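Please look over the chain below with its contacts, strands and pockets in mind. The report that follows takes up a few places in turn.

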Amino acid sequence: GAAALGFKHQATPSFIYEIMLRQEVNEHFDSPFLYRIGLQKEFSKFYTLKFNTSKNYRIPTYNDLYWNGLGNPNLKPETSYGVEFSNLFSYKNYRLNLTAYYNKITDLLRWTPSASGIWRPENTNNVQTYGIEAIFSLTQELWDKHFVNFNATYAYTISENTETKKQLIYVPKHKLTWSLSYAYKKINAYYQYINTGEVFHTTDNSKYYTIGSYMVGNLGLEYKLKQQLTIGVQALNVWNEKYESVLNRPMPGRNYTIYLNLNI
């Protein structure tokens, strides 16, 4: 069972704060008292500052504990404390969000591969993750009913074991994505680009045990048949990039998808 209490107050037209309190009850785990506190201050139409801090708790899932032949019934719950600052800049059709964050995690729950390549769940005693994230967006009407939209994100992430000072496996330090779309009436065409940096696949972070960075592009075209119905086609990995997101698990080359989305 769980009980939660939330309070949100707009103290002034430019200042909002909120508090969320939560207590869970579990017969197998001693759930701590959880909280989340958020502040938002609009200094001008151009600049807004946001602050959030929280305590979080996550118990192992059924699969983590009891997956036949792979589960670990001795797993501990994961506890974390986090804080983040966000700076939102707005000017006409431009938006830029710069966020810095820090998380301290105890008994991190994650699945990792053994020397034989078999993935099993485990706890990592003490982990800290911190970094920055930048999100940029622009929407521009070229002429009547012709719109161009551009979105880009960049993330710099450090996720390390505080005892060994090593980056966790399969967590890239650098990741860049962007997309460009063109819309006219019921037609929308877009291109997506993903650039993922190198990752380590061994806990000692040896430079000889990395999976190289890769760049993937996707093309898409959509047509809105009705207000709730959209048909589309995609060319994924359009440049036929050869890459692996996990060691010895090659990802598909150029491939195509046709889809029909119904939103009710």
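Which residues does S181 touch, not counting residues up to four places away in sequence?

## Surroundings of S181

In this predicted model, S181 touches F147, V148 and N149, and also N188, A189 and Y190, once residues up to four places away in sequence are set aside. The place of S181 is within strand 10, which covers residues 174-184. Because its relative accessibility is 18% and the limit for buried is under 20%, S181 counts as buried.

Strand 1 (residues 2-12) and strand 2 (residues 15-24) run antiparallel and are joined by ten bridges.

## The largest nonpolar core

Five residues make up the largest nonpolar core, namely I169, Y170, V199, I211 and V246. For I169, leaving aside neighbours within four places in sequence, the contacts are with R110, T112 and P113 and with F200, H201, T202 and T203.

## The largest pocket

The largest pocket has a volume of about 190 Å³, and its lining includes P113, S114, A115, G117 and W119, together with H201, L247, N248 and R249. Y170 and V246, which belong to the largest nonpolar core, are also among the residues that line this pocket. By class, the lining holds six nonpolar residues, four polar residues and one charged residue. P113 and H201, both in contact with I169, are likewise part of the pocket lining.

Definitions and conventions. Residues numbered from 1 in each chain as written. Predicted model: local features only at pLDDT ≥ 70, side-chain atom pairs only at ≥ 80, totals over all residues. Heavy atoms only, no water. Pairing = 2+ DSSP bridges. Helix = DSSP H or I, 4+ residues; strand = E, 2+ residues; numbered from the N terminus. Core = buried A, V, L, I, M, F, W, Y, C linked by side-chain atoms within 4.5 Å. Buried < 20%, exposed > 50% of the residue type's maximum accessible area, 1.4 Å probe, protein only. Contact = heavy atoms within 4.5 Å. 1 Å grid on protein atoms, 1.4 Å probe; cavity = no way out; pocket = protein on both sides within 12 Å on 5 of 7 lines; lining within 4 Å. Points joined across faces, edges and corners; volume = space filled by probe spheres on them. Nonpolar A, V, L, I, M, F, W, Y, C, P; charged D, E, K, R; others polar.
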